[in-house]
Amino acid sequence: MWKRFRLEIEMSCIFCKIAAGEIPSATVYEDETFRVILDLNPASEGHALILPKSHAADVTELNEEIAAKVLPLATRVGQSMKANLGCAGFNLVQNNGEAAGQTVRHFHMHVIPRYEGGPVIAAWEPGTSTPEGLAETAAKIQAGL
Ligand code: AMP
Ligand code: ZN
């Protein structure tokens, strides 16, 4: 039952289809594990998405072997952007869950070039904290690790 449900998700997943080459994309890199494509609605010129070829809804479902390859690949893509697009830096952004802004439920890592003179994009508004509040929150997270 679960396996059938899983297959249905994968068959209807647009990033599975793009990663498999069933839907055309502006591909910048491909190997047996990943396809790297350009985002259709780029935050800046060269905005790329790293897509694993096997389906995982988000990082919590990603197999550890694949997860370990994501950061080295993102680094290579970012370095190529700096060398060949002339960006001054890049953001790695990875959303997990609707509340975190994830709109496509197939794990992907954004690699977003940032150009000199462009806006510096902050991902959050800095808040405030107290030592007691931080200690209490840290203890809660620590309990699950
Ligand atoms: P997220 O909000 O992290 O789930 O990011 C999803 C990203 O996928 C967005 O930046 C979209 O612009 C991009 N996107 C959605 N559909 C496609 C597609 N068919 N080809 C390329 N990028 C896409
Ligand atoms: Zn998928």
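**Reading two ligand sites**

Reader: Let's start with ligand 1. Which backbone atom lies 2.7 Å from an oxygen atom of ligand 1?

Author: A backbone N or O atom of Thr103 is the one at 2.7 Å from a ligand 1 oxygen. Keep in mind that this is a predicted model. Gly101 also uses a backbone N or O atom, 2.9 Å from an oxygen atom of ligand 1. With Asn95, a polar side-chain atom lies 2.9 Å from an oxygen atom of the ligand.

Reader: And how much of ligand 1 does the protein cover?

Author: On its own, ligand 1 has 500 Å² of accessible area, and the protein covers 82% of that. There are 16 residues around the ligand, and Asp39, Gly101, Thr103, His108 and His110 come nearest.

Reader: Back to Asn95. Where is its place in the fold, and is Asn95 buried or exposed?

Author: Look in the loop between S4 and S5 for Asn95. The cut-off for buried is under 20% relative accessible area. Asn95 has 18%, so Asn95 counts as buried. Leaving out residues up to four places away in sequence, Asn95 touches Ala100, Gly101, Gln102 and His110.

Reader: On to the metal. Which protein atoms are the donors of the zinc ion, ligand 2?

Author: Cys13 and Cys16 each give SG, while His55 and His106 each give ND1, at 2.1 to 2.3 Å from the zinc ion. Along the chain, the donors follow the spacing C-x2-C-x38-H-x50-H.

Reader: Why is the arrangement around this zinc ion called tetrahedral?

Author: For four donors, check that all angles lie between 85 and 135 degrees. Here the four donor atoms subtend angles of 103 to 117 degrees, so the arrangement is tetrahedral.

Reader: What does the histidine pair tie together?

Author: Find His55 in the loop between strand S3 (48-52) and helix H3 (64-84), then His106 in the loop between strand S4 (89-93) and strand S5 (109-114). The pair therefore ties together parts that are 51 residues apart in sequence. Both sit under the burial cut-off: His55 is buried at 11% relative accessible area, and His106 is buried at 0%.

Reader: Which element holds Cys16, and what does Cys16 touch, leaving out residues up to four places away in sequence?

Author: Cys16 lies in helix H2, residues 14-19, and counts as buried at 12% relative accessibility. With those sequence neighbours set aside, Cys16 touches Glu10, His55 and His106.

Terms used. Residues numbered from 1 in each chain as written. Chains lettered and ligands numbered in written order. Predicted model: local features only at pLDDT ≥ 70, side-chain atom pairs only at ≥ 80, totals over all residues. Heavy atoms only, no water. Donors = N, O, S within 2.8 Å, 3.2 Å for Na, K, Ca; no water. Tetrahedral: all angles 85-135°; square planar, octahedral: opposite > 155°, others 65-115°. Helix = DSSP H or I, 4+ residues; strand = E, 2+ residues; numbered from the N terminus. Buried < 20%, exposed > 50% of the residue type's maximum accessible area, 1.4 Å probe, protein only. Near = heavy atom within 4 Å. Polar contact = N/O pair within 3.5 Å; in protein donor to acceptor, adjacent residues only side chain to side chain. Areas by Shrake-Rupley, 256 points an atom, 1.4 Å probe, with all protein chains shown as cover. Contact = heavy atoms within 4.5 Å.
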